[in-house]
Amino acid sequence: MNISNTPSNSSTITGFILLGFPCSRHGQILLFLLFAGVYLLTLMGNGSIICAVRWDQRLHTPMYILLANFSFLEISYVTSTVPNMLANLLSDNKVISFSGCFLQFYFFFSLGSTECFFLAIMAFDRYLAICRPLQYPTLMTARLCTNLVVSCWVLGFLWFLIPIIIVSQMSFCGSRIIDHFLCDPGPLLALTCKKAPVIELVFSTLSPVPLIIPFLLIMGSYALVLQVVLKVPSAAGRRKAFSTCGSHLAVVSLFYGSVLVMYGSPTSEHDAGMQKIVTLFYSVITPLLNPIIYSLRNKDMKKAMQKFLKL
C-alpha cells in the first residue's frame with residue numbers, strides 16, 4: 001500500500017479517520033453506554049443459545065446445531081465492528097490504522113457473506129424436514145450438517161479475500177476521513193489517488209452474489225415448503241409446520257430487509273446518516289434480536305434456555 005499527499009493535505013496519512021457519530025462529548029458517552037449494553041446483551045443472548053444446545057441432549061439435532069453455529073457467527077459478526085466503534089466513541093482522534101481498517105473490512109464482509117450462506121442452509125434444512133420428513137434422518141446426517149457448516153465458513157471467508165488484497169495494495173491520498181463507523185468499501189475507494197474502475201467493477205460484481213444466490217435458495221426452499229404445507233388438511237397441522245420455520249423467516253426478513261434497503265438501490269440515494277442507521281440495524285440490532293426471536297417462537301429452545309439460565 002502506498003500513501004501519497006495532495007496539495008490540499010500536506011500531512012502524512014498514518015491511518016483513516018472514522019467519523020462515527022459526530023455529536024457532543026456527552027452524546028458520545030451516552031452512545032457508548034447504549035452500544036456497550038447492546039453488545040453485552042448480544043453476547044449473552046447468543047451465548048445462551050450455544051450453551052443450551054451444547055448441554056441439552058434433546059437439541060442435538062441438525063436444526064439446533066445449525067442454530068448454535070449461527071449464534072456463534074452472530075457473536076463474531078457484531079464483534080467485528082462494535083468494540084472498535086466503542087473505542088472510537090471515547091477517542092478524541094478516532095483514527096484507525098490502515099491494517100486495522102482492512103482487517104475490519106475483510107472480517108465484516110466475510111462474516112456477512114457467511115451469514116447469508118447460513119441462512120440458506122437453514123432454509124434447506126427446514127425444506128427437508130417439512131417436505132421430506134420420512135427421508136430427513138437419512139438425508140440430513142451429522143456428516144452432511146458438518147460439511148454444510150464448514151462450507152459456509154470457508155466460502156464466506158474466501159469470497160472477499162482477493163478484493164481486500166487488491167485494495168490493500170492501492171495508493172491513498174488526500175482526505176483520510178471516512179464518514180462511517182466502519183471501513184465501508186464505498187468511502188474507502190473514494191480515498192484512492194486515482195479512480196480504479198476495474199476494482200469498483202470487481203466489488204460491484206462480487207458483493208451482490210453472496211446476497212442474491214442464498215436469497216434465491218431461501219425463497220425457493222420456502223416456496224416448496226408453502227406448497228406442501230397448504231396441502232395439509234388440518235389447520236393445526238399447518239400451524240405446526242409453519243411454526244417450525246417461523247423464527248427463521250423472521251430472521252431472514254430482518255436481515256435481508258435492511259440489507260436490501262442499503263444495497264438494493266443506488267448509494268447516492270442514501271446520505272451518510274441513513275447508511276449508518278441501516279448498517280447499524282443489520283449488523284448490531286439484528287444479532288441482538290435473533291436470540292429473542294428463536295427463544296420466543298420455539299418451545300424446545302425456550303425450555304432449554306430456561307433450564308440453562310436456572311443452572
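## Exercises on helix packing, a sheet and a disulfide

Helix α1 passes helix α3 in a left-handed crossing. The model behind these exercises is predicted.

**Exercise 1.** Work out how α1 and α3 are oriented to each other, and which residues make the contact.

*Solution.* 
- Step 1: Take the geometry. The axes of α1 (residues 25-55) and α3 (residues 82-90) come within 9 Å and cross at roughly 160 degrees.
- Step 2: Apply the cut-off. Angles over 145 degrees count as roughly antiparallel, so α1 and α3 are roughly antiparallel to each other.
- Step 3: List the contact. From α1 come Arg25, Gln28, Leu31, Phe32, Phe35, Ala36 and Tyr39. α3 supplies Val82, Pro83, Met85, Leu86, Asn88, Leu89 and Leu90.
- Step 4: Sort by class. This contact has 11 nonpolar, 2 polar and 1 charged residues.

**Exercise 2.** Do the analysis for α4 and α6: find the orientation, the handedness and the classes of the contact residues.

*Solution.* 
- Step 1: α4 and α6 (residues 142-159) pack at an angle of about 150 degrees, their axes 8 Å apart.
- Step 2: That angle makes α4 roughly antiparallel to α6.
- Step 3: The crossing of α4 past α6 is right-handed.
- Step 4: On the α4 side, the contact residues are Tyr106, Phe107, Ser110, Leu111, Ser113, Thr114, Phe117, Phe118, Ile121 and Phe124. They meet Leu148, Val149, Cys152, Trp153, Leu155, Gly156 and Phe157 in α6.
- Step 5: By class, the contact of α4 with α6 holds 13 nonpolar, 4 polar and no charged residues.

**Exercise 3.** Find the disulfide and state which parts of the chain the pair links.

*Solution.* 
- Step 1: Count. The structure holds 1 disulfide.
- Step 2: Identify the pair. Cys101 and Cys183 form the bond, with sulfur atoms 2.0 Å apart.
- Step 3: Cys101 sits in α4 (residues 98-131), and Cys183 lies in the loop between β5 and α8 (185-189). The pair links distant parts of the chain, 82 residues apart.
- Step 4: Read the hand. The angle about the S-S bond is -130 degrees, and the link of Cys101 and Cys183 is left-handed.

Notes
Residues numbered from 1 in each chain as written. Predicted model: local features only at pLDDT ≥ 70, side-chain atom pairs only at ≥ 80, totals over all residues. Heavy atoms only, no water. Axes fitted to C-alpha atoms, helices over the stretch in contact; angles between N-to-C directions. Helix = DSSP H or I, 4+ residues; strand = E, 2+ residues; numbered from the N terminus. Parallel < 35°, antiparallel > 145°, perpendicular 65-115°, else oblique. Left-handed = near helix turned anticlockwise from the far one by under 90°. Contact = heavy atoms within 4.5 Å. Nonpolar A, V, L, I, M, F, W, Y, C, P; charged D, E, K, R; others polar. Disulfide = S-S within 2.5 Å.
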